[in-house]
Amino acid sequence: MQDFDQTIATPGKTIPFRKFELRPHLIVLYPQSQFKQIPLEKGTVILGRGQDAEIRLDDELVSRRHCALTFDGNAVSVKDLGSTNGTYVDGQPVDIKTLEPDNRLQIGKMVLKIDFKDRDEEAFDRELFEAATMDPLTKISNRRTFFDRGLGELALARRNNFYVHTIMVDADHFKHVNDTWGHQCGDMVLKEIARLLKDEKRESDLLARYGGEEFVLLLAGIGPEDAKKSAERLRMAVERHRFSWNDTIIPVTISLGLASKLGAEIPTVEEMIAESDKLLYIAKENGRNQVATA
């Protein structure tokens, strides 16, 4: 357990203000419905799906005794226990590895991390977690959360050799909306687009605000043609919606770039998004309000 001294500096001396301890917690990032934070004591615990695992994970892709976490009083390491689907850190398979707070541990479809916390922080973490994972304007997931959840989805698709798709979405002529009707109108448009995308997507699809007027989705378990139909359904939902501001109808459409990869061809989340982004700009160059695919 790590000790830290917080001090107050005064002329000629330093006065101890408060001593506090940080201890490691295992935090479930994805699925969000299974969010939990589990304090780790010094020693080793087994993670798995079986009854004899100290930390049980409800995921059919997790082995009964999947991996072990060891806290030596200073650092936390993970060791794979011969699991069927492997243990991954930041998308790479590992046998044993020390975990840093910015690492993402992937076990089955689940994405987890290690964080060191003051005991006083624990009561506030659920609220902080929700605030940290949600975009405050649109009330959908933010970019960081998308990357965390995407790690698990892509790893699952690689292992099971099925398709995964990313869709970049951009509001057409959004600067014109802000310049003509003001930023409050622009915020209304973004919130309405987010709501429409959320309503039209499948429950299993990941949706997030990527930044500015851009949104991103990740779809898995369907082929390229069905993914294109899904993207077209999103486009049409926005095109048909009546965006109104102060009794004025605001014309709003979206452009979309759809990238699809299969099994072992699936790259990183960042690379999938980069390909979708290139296709998005092709859709814009070709006249906007359309879906571009490779």
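Asp-148 and Arg-144 form a salt bridge (a side-chain nitrogen of Lys or Arg within 4 Å of a carboxyl oxygen of Asp or Glu), with the closest N and O atoms 2.7 Å apart. The model is predicted: local features need pLDDT of at least 70, side-chain atom pairs count only at pLDDT 80 or more, and totals for chains, interfaces and linings use all residues. Side-chain values use heavy atoms, without hydrogens and water, and residues are numbered from 1 along each chain as its sequence is written.

Asp-148 and Arg-144 are four residues apart in helix H2 (residues 143-160), about one helical turn. Helices (H or I, at least four residues) and strands (E, at least two) are DSSP runs, numbered from the N terminus. Asp-148 is buried, at 8% relative accessible area. Arg-144 is partly exposed, at 45%. Buried means under 20% relative accessible area, exposed over 50%, and partly exposed in between (1.4 Å probe, protein chains only).

A second salt bridge pairs Lys-284 with Asp-172, at 3.1 Å between the closest N and O atoms. Lys-284 belongs to helix H6 (residues 269-285), whereas Asp-172 sits in the loop between strand S13 (163-171) and helix H3 (174-181), so the contact ties together parts 112 residues apart in sequence. Both residues, Lys-284 and Asp-172, are buried.

Within helix H4 (residues 183-200), Arg-195 and Asp-199 are four residues apart, about one turn. Their side chains meet in a salt bridge at 3.2 Å, N to O. Arg-195 is partly exposed, at 36% relative accessibility.

Salt bridges with shared partners also join Arg-104, Arg-144 and Asp-148 into one network. Across the whole structure, the search finds 17 salt bridges.
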